[in-house]
Amino acid sequence: MDLSAAIDLLGEGSVLALGGLAIGAAFGFAAQRSRFCLRAAAIEFWHGHVDRKVAVWLMAFATAVVWTQALILFSALDVSEARQLAQRGSLSGAAIGGLCFGAGMIMTRGCASRLLVLSATGNLRALLSGLVMAVAAQSAMRGALAPLREAVTGWWTIDGTGARDLLVLLGLDHRHALAFGLVWCGAAYAYALRSRLPWGMWFTASGVGGAVAVGWLFTYLVSQASFAPVRLTSITFTGPSADTLMFVLDQTRMVWNFDIGLVPGVFLGSLAAALLFREFELVGFRDGQSMRRYIAGAVLMGFGGMLAGGCAVGAGVSGGAIFAVTAWVTLVSIWAAAGITDRLIDTDETPVVATPRPAE
């Protein structure tokens with residue numbers, strides 16, 4: 001795919017934003033229809049009942065790994081210049097940020113991507129939580145929380161290139177990574193069959209992972225066609241949510257890029273799915289205590305996501321698909337914190353039960 005003509009006509013920033021809008025819309029539609037949610041999958045897992053929610057998350061994750069690694073093997077994609085691999089990273093930031101994010105995810109009942117998807121379906125709790133998360137992320141990036149983020153980040157850093165590539169550290173190559181993804185695809189399909197996951201959710205869960213791989217491919221193709229430096233990235237939400245918020249507040253300080261198109265694209269895709277399938281419904285807070293919980297969780301997610309350098313999707317799926325060490329540390333920390341937080345603050349809630357099966 002040659003994007004040179006589009007870049008010459010519109011410029012790199014506009015092409016990236018339009019691509020982010022389209023890829024985000026596909027992700028939002030698929031995430032809304034599949035009920036993709038790391039928080040739900042983690043609770044199901046830690047309650048010892050692996051069912052549809054785990055199957056959906058695992059199918060999305062494995063699809064992202066398989067597609068991304070296949071593109072690399074066929075020389076259609078090169079992720080060596082991605083920030084998660086090429087730049088200096090922080091293991092302390094990944095671990096502590098992941099713990100903060102995982103705890104906040106349980107408190108807000110959804111990760112960053114899920115909050116955005118739910119807000120488009122009329123969930124006002126998710127909308128407020130997403131806005132608070134974006135403010136906290138912006139504060140951690142350039143505001144009052146930035147000194148704390150920088151201090152924690154500096155505790156344990158690692159160099160870029162091979163030091164952040166899990167495949168290099170393990171002495172493996174992209175063929176092994178592809179095989180790993182295929183194994184987890186098999187596990188996802190097994191869980192999906194056992195839980196009688198509807199075929200539509202098979203397709204849309206795979207679409208979530210496919211959108212991540214397409215995000216990597218699109219930004220790579222733009223970088224190859226452009227004379228100016230273009231950041232290689234894919235779907236993530238903490239940083240882009242903060243950037244989108246600042247873009248709305250002060251357009252003179254922001255530039256058009258993939259992230260600016262991504263967030264509204266996800267919102268529009270989820271909104272389209274909710275309207276098409278008549279699932280749009282206004283939902284608010286139950287009481288003041290519930291509202292405090294959501295706000296506190298959103299602050300933890302915003303700070304934790306910026307500290308870790310990625311959210312449940314940005315690190316857990318996009319970064320995991322290219323086998324960045326810090327992304328995997330973040331993902332493990334998110335899962336661990338989710339289990340601990342759920343046990344500490346939600347012990348009185350109704351236990352997770354199997355999703356009702358459709359009539360035979």
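Which glycine with a positive phi follows H3? Glycine 48 follows H3, and its phi is positive, near 75 degrees. The legends below describe a predicted model, in which local features need pLDDT of at least 70, side-chain atom pairs count only at pLDDT 80 or more, and totals for chains, interfaces and linings use all residues. Residues are numbered from 1 along each chain as its sequence is written, and side-chain values use heavy atoms, with hydrogens and water left out.

View A. Helix H3 spans residues 38-46 and is mostly covered, with seven of its nine residues buried. Helices (H or I, at least four residues) and strands (E, at least two) are DSSP runs, numbered from the N terminus. Buried means under 20% relative accessible area, exposed over 50%, and partly exposed in between, with a 1.4 Å probe and protein chains only. The buried residues of H3 are Leu38, Arg39, Ala40, Ala41, Ala42, Ile43 and Glu44. Their cover includes helix H4 (52-73), helix H6 (91-108) and H17. Contact means heavy atoms within 4.5 Å.

View B. Alanine 312 sits in the loop between helix H15 (288-308) and H16. Alanine 312 counts as buried because its relative accessibility is 3%. Leaving aside neighbours within four places in sequence, the contacts of alanine 312 are Leu38, Phe101, Cys111, Val317 and Ile334. Alanine 312 and arginine 39 are 273 residues apart in sequence, and their C-alpha atoms are 9.0 Å apart in space.

**View C. Packing of H16 against H17.** Two packed helices are described by the angle between their axes and the distance between the axes. Helix H16 (residues 314-321) and helix H17 (residues 325-345) pack at an angle of about 145 degrees, and their axes are 8 Å apart. Axes are lines fitted to C-alpha atoms, for helices over the stretch in contact, and angles run from 0 to 180 degrees between N-to-C directions. The crossing of H16 and H17 is left-handed. A crossing is left-handed if the near helix is turned anticlockwise from the far one by less than a right angle, and right-handed if clockwise. On the H16 side, Ala315, Gly316, Gly319 and Gly320 meet Ala327, Trp328, Thr330 and Leu331 of H17. By class, this contact of H16 with H17 has four nonpolar, four polar and no charged residues. Ala, Val, Leu, Ile, Met, Phe, Trp, Tyr, Cys and Pro count as nonpolar, Asp, Glu, Lys and Arg as charged, and the others, Gly among them, as polar.

**View D. Crossing of H2 and H14.** The axes of helix H2 (residues 12-34) and helix H14 (residues 258-276) come within 6 Å and cross at roughly 35 degrees. H2 passes H14 in a right-handed crossing. The contact of H2 with H14 has 15 nonpolar, nine polar and one charged residues by class.

**View E. The largest cavity.** The count comes to one cavity of 30 Å³ or more, and the largest cavity holds about 40 Å³ of space. On a 1 Å grid over the protein atoms alone, a cavity is a set of points where a 1.4 Å probe fits but cannot get out, and lining residues have an atom within 4 Å of a point. Grid points are joined across faces, edges and corners, and a volume is the space filled by probe spheres set on the points. The lining consists of Arg83, Gln84, Trp216, Thr233, Ser234, Ile235, Thr236, Gly314 and Ser318. Helix H5 (83-86) and H16 are the elements that give two or more residues to this lining. By class, the lining has two nonpolar, six polar and one charged residues.

View F. Glutamine 84 is placed in helix H5 and counts as buried because its relative accessibility is 8%. Apart from neighbours within four places in sequence, glutamine 84 is in contact with Arg164, Trp216, Gly314, Gly319, Ile322, Ala324 and Thr326. Threonine 236 is found in the loop between H12 and helix H13 (238-249), and at 14% relative accessibility threonine 236 counts as buried. Not counting residues up to four places away in sequence, threonine 236 touches Leu262, Gly310, Cys311 and Gly314.

**View G. Serine 75 and its positive phi.** Serine 75 has a positive phi of about 60 degrees although it is not a glycine. Serine 75 lies in the loop between H4 and H5 and counts as exposed at 64% relative accessibility.

Notes: 1 Å grid on protein atoms, 1.4 Å probe; cavity = no way out; pocket = protein on both sides within 12 Å on 5 of 7 lines; lining within 4 Å.
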